[in-house]
Amino acid sequence: MKSTVLCVDDEPNILSALRRMLSLNNFKVLTADSGQTALELLASTPVDVVISDMHMPEMNGAELLAMVKERHPDAMRILLTGNADISSAIAAVNQGGIYRYLTKPWVDAELIATIESSLELIMLKKDRSRLTALTEEQNVKLNDLVLNLEEKVKERTAELTESNQKLRDSYIASIKAFSGLLGMRDEQLLTHSRNVAELSFKTARAAGLDKEQCQEIYIAGLLHDIGKLSLSDRILRVKVFELPLSDVHSYENHAALGESCLKNLDDMKGVSLIIRAHHEHYNGQGFPDKLAGEAIPVGARIVAIAEAYEELTTGEFSTRPKTSEEAISVITKAVSIYFCPVMVGHFVNVITAASQ
């Protein structure tokens, strides 16, 4: 799409020269022979760049461009002036927000370069405005997610440990901070973690674990991917099974990094151990420690199943999102290889109950 340039000058031959030169350089050209005519045209027609002569009757170029700035701030402004008026042009640039001034007679290449650089600045401003609006929108959504998460954590913690106010407050503060970091890095990480936490909590309760264990497993589900904050955007954007070998080690390190983030915090020791082990396989071929069977913390065995189900049904660990039934089929086929048989049984019961 051609950019539109409005040329303003009271001399017809100047306007004719500008129109010819700019048209040959693929610009859409409008002309006006006075400041008032230019303002009337701008009121009805979008213009990207306004080029005005300094000396015109009734309204000079500096006055015109000052009014353009006030009424049409998105239009870039360029002033043409004679050598004798350079000091006035500099004052107009400084006071009126004019992009640049050029002396007459102008050099075609310099004028074209000035217009093109002004258009680039327009695009940068638009991109900045778009990114600012996008950031504000994402911040609003993130705040909503974090607020909802805080309420969910309060609800779960109140249900499980009403007798321990200190523990509840510590969990809420820590979880809100770390989940906020997840959401800021990638909103999908936060959504994924919330879903894994809910499934893990329900499975732990179905398995008959005590209230403290259920609480730890819920929190570990929320924060199991905290170590992914260390990964590059390039790795995060690629599905796990599509990662090149050069990135696999970095990806596999996120479980150990997650433990490191939390292990020294009060009351987070159990949570951090679950996070470290949630990629261990029941047959001992997982990472980072190649634990097997019952040596894998029960919470990690549960979170591993919940995460696999979530990744399968959202398409993160498959070429397409799988149905719930397809995901359960994949998980049950991997019993005793990747997953604990007993915990898979409880997990299937949870999913079956939810679908009825």
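Buried means under 20% relative accessible area, exposed over 50%, and partly exposed in between. The legends below use these words for a predicted model.

View 1. Val-8 stands 28 residues away from Gln-36 along the chain. The C-alpha atoms of Gln-36 and Val-8 are separated by 10.0 Å.

**View 2. The whole chain, for orientation.** The chain holds 15 helices and 5 strands. Of its 356 residues, 45% are buried. Among contacts with a separation of 6 or more, 61% are between residues 24 or more positions apart.

**View 3. Helix H8 is largely enclosed by the rest of the structure.** Helix H8 runs over residues 211-223. With 13 residues at 1.5 Å a residue, H8 should span 18 Å, and the 19 Å between its end C-alpha atoms agrees with this. Because 10 of the 13 residues of H8 are buried, the helix is largely enclosed by the rest of the structure. The buried residues include Cys-214, Gln-215, Glu-216 and Ile-217. Also buried are Tyr-218, Ile-219, Ala-220, Gly-221, Leu-222 and Leu-223.

**View 4. Helix H7 packs against helix H8.** H7 covers residues 187-206. The axes of H7 and H8 are 7 Å apart, and the angle between the helices is about 160 degrees. That angle makes H7 roughly antiparallel to H8, because angles over 145 degrees count as roughly antiparallel. The crossing of H7 past H8 is right-handed. On the H7 side, the residues that meet H8 include Ser-193, Arg-194, Val-196, Ala-197 and Glu-198. Ser-200, Phe-201, Ala-204 and Arg-205 of H7 also take part. On the H8 side, the residues are Cys-214, Ile-217, Tyr-218, Gly-221 and Leu-222.

**View 5. Helix H7 packs against helix H15.** H15 covers residues 341-355. Here the axes are 9 Å apart and the angle is about 110 degrees. H7 and H15 are therefore roughly perpendicular to each other. H7 passes H15 in a crossing that is right-handed. From H7, Leu-199, Lys-202, Thr-203 and Ala-206 meet residues of H15. Their partners in H15 are Met-343, His-346, Phe-347, Val-350 and Ile-351.

**View 6. Helix H7 crosses helix H13.** H13 covers residues 298-314. The axes of H7 and H13 come within 9 Å and cross at roughly 130 degrees. The two helices, H7 and H13, are therefore oblique to each other. Their crossing is right-handed. H7 contributes His-192, Asn-195, Val-196, Leu-199, Ser-200, Thr-203 and Ala-204 to the meeting with H13. H13 contributes Ile-302, Val-303, Ala-306, Glu-307, Tyr-309, Glu-310 and Glu-311.

**View 7. Glu-259 is a buried residue of helix H11.** H11 runs over residues 254-262. The relative accessible area of Glu-259 is 9%, so the residue is buried. Neighbours within four places in sequence are left aside here. Beyond those, Glu-259 is in contact with Ser-272, Leu-273, Ile-275 and Arg-276.

**View 8. Lys-104 and Pro-105 are joined by a cis peptide bond.** For this bond, omega is about 0 degrees. Pro-105 sits in the loop between strand E5 and helix H5. Strand E5 covers residues 100-103, and helix H5 covers residues 108-160.

**View 9. The loop between helix H12 and H13 holds Pro-288 and Lys-290.** Helix H12 covers residues 269-277. The peptide bond from Phe-287 to Pro-288 is cis, and its omega is near 10 degrees. Lys-290 is not a glycine, yet its phi is positive, at about 55 degrees. With 52% relative accessibility, Lys-290 counts as exposed.

**View 10. Glu-58 has a positive phi.** Glu-58 is a residue other than glycine, and its phi is near 70 degrees. The loop that contains Glu-58 runs between strand E3 (49-53) and helix H3 (61-71). At 84% relative accessibility, Glu-58 counts as exposed.

Key: Residues numbered from 1 in each chain as written. Predicted model: local features only at pLDDT ≥ 70, side-chain atom pairs only at ≥ 80, totals over all residues. Heavy atoms only, no water. Helix = DSSP H or I, 4+ residues; strand = E, 2+ residues; numbered from the N terminus. Expected span 1.5 Å × (residues − 1). Buried < 20%, exposed > 50% of the residue type's maximum accessible area, 1.4 Å probe, protein only. Axes fitted to C-alpha atoms, helices over the stretch in contact; angles between N-to-C directions. Parallel < 35°, antiparallel > 145°, perpendicular 65-115°, else oblique. Left-handed = near helix turned anticlockwise from the far one by under 90°. Contact = heavy atoms within 4.5 Å.
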